[in-house]
Amino acid sequence: METAAAVLTANELFVRNMRHLWRLDARSAVAIDAVRDDERYPIERSKSGDWTVRADPPVSPLMKRGGPVASQPSKGGGAGAYLHSRHDPLAEAEQWAAAVDVEGAFCFVVAGFGLGYHLAALHRRLQGDSFLICTEPDVRMISTALSSVDLSDLLSSGKFVLFLD
């Protein structure tokens, strides 16, 4: 069970990240801020001490028989996949970003926000005027990330664009 100090830290982290997101994209900030704390995905500590998250995959209406799919995915805990390493998510993100050829490139598009480790790692490697675009339709995931990981450098850089739709 989380202590009051851990919850306070998560709330402070969320506010710090959101302060930068409001300046970056107020429309996205409104949508993400509307997510209640209890709607966020459950996070788990990795062996390195950093957070990881497991999320159930979205279910397509074409894949489900017998009617429409609920508008929100479950809150995790099912057979979902971990979005980051359970051992060292930061090292995993650095390794992924190191494999991206940034030399002479102007724009990078990444599908999926996760907890943002990979975005921050790639962002640190950007050169010159290049920038990073991320698409993520799940505001719950972004809310989870902003309450778990300090992404203030990414969000305040002027080299990051977020698309929710």
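H3 passes H4 in a right-handed crossing; a crossing is right-handed if the near helix is turned clockwise from the far one by less than a right angle, and left-handed if anticlockwise. This is a predicted model, so to speak of local features needs pLDDT of at least 70, side-chain atom pairs count only at pLDDT 80 or more, and totals for chains, interfaces and linings use all residues. Residues are numbered from 1 along each chain as its sequence is written, and side-chain values use heavy atoms, with hydrogens and water left out.

Back to the two helices. Helices (H or I, at least four residues) and strands (E, at least two) are DSSP runs, numbered from the N terminus. Two packed helices are described by the angle between their axes and the distance between the axes. Here the axes of H3 and H4 come within 8 Å and cross at roughly 45°. That makes H3 oblique to H4. Axes are lines fitted to C-alpha atoms, for helices over the stretch in contact, with angles running from 0 to 180 degrees between N-to-C directions. Under 35 degrees counts as roughly parallel, over 145 as roughly antiparallel, 65 to 115 as roughly perpendicular, and the rest as oblique.

Which residues of H3 and H4 make the contact? On the H3 side they are Pro89, Leu90, Ala93, Glu94, Trp96, Ala97 and Ala98, and on the H4 side Tyr117, His118, Ala121, Leu122, Arg124 and Arg125. Contact means heavy atoms within 4.5 Å.

Glu94 and Arg124 turn up again as a salt bridge, that is, a side-chain nitrogen of Lys or Arg within 4 Å of a carboxyl oxygen of Asp or Glu. This pair links distant parts of the chain, with Glu94 in H3 (residues 89-98) and Arg124 in H4 (residues 117-125), 30 residues apart. A search of the whole structure finds five salt bridges, and the table shows some of them.

| Salt bridge | Closest N and O atoms |
|---|---|
| Glu94 and Arg124 | 2.2 Å |
| Arg36 and Asp38 | 3.1 Å |
| Asp150 and Arg16 | 3.2 Å |

As for Arg36 and Asp38, they are linked with Glu39 in a network of salt bridges.

How covered are these residues? Buried means under 20% relative accessible area, exposed over 50%, and partly exposed in between (1.4 Å probe, protein chains only). Arg124 has 54%, so Arg124 is exposed. Glu94, at 35%, counts as partly exposed. Asp150 is partly exposed at 43%, and so is Arg16 at 33%.

H5 itself is mostly covered, with seven of its eight residues buried, among them Met141, Ile142 and Leu146. At its start, a side-chain oxygen of Asp138 reaches to within 3.0 Å of the backbone nitrogen of Arg140. Ala34 is in the loop between helix H2 (26-33) and strand E1 (43-45).

Last stop: Ser85, in the loop between strand E3 (81-82) and H3. Is Ser85 buried or exposed? With a relative accessible area of 15%, Ser85 is buried. Not counting residues up to four places away in sequence, Ser85 touches Ser46, Thr52 and Glu92.

Terms used
A polar contact is a pair of N or O atoms within 3.5 Å; within protein, one must be able to donate a hydrogen and the other to accept it, and residues adjacent in sequence count only if both atoms are side-chain atoms.
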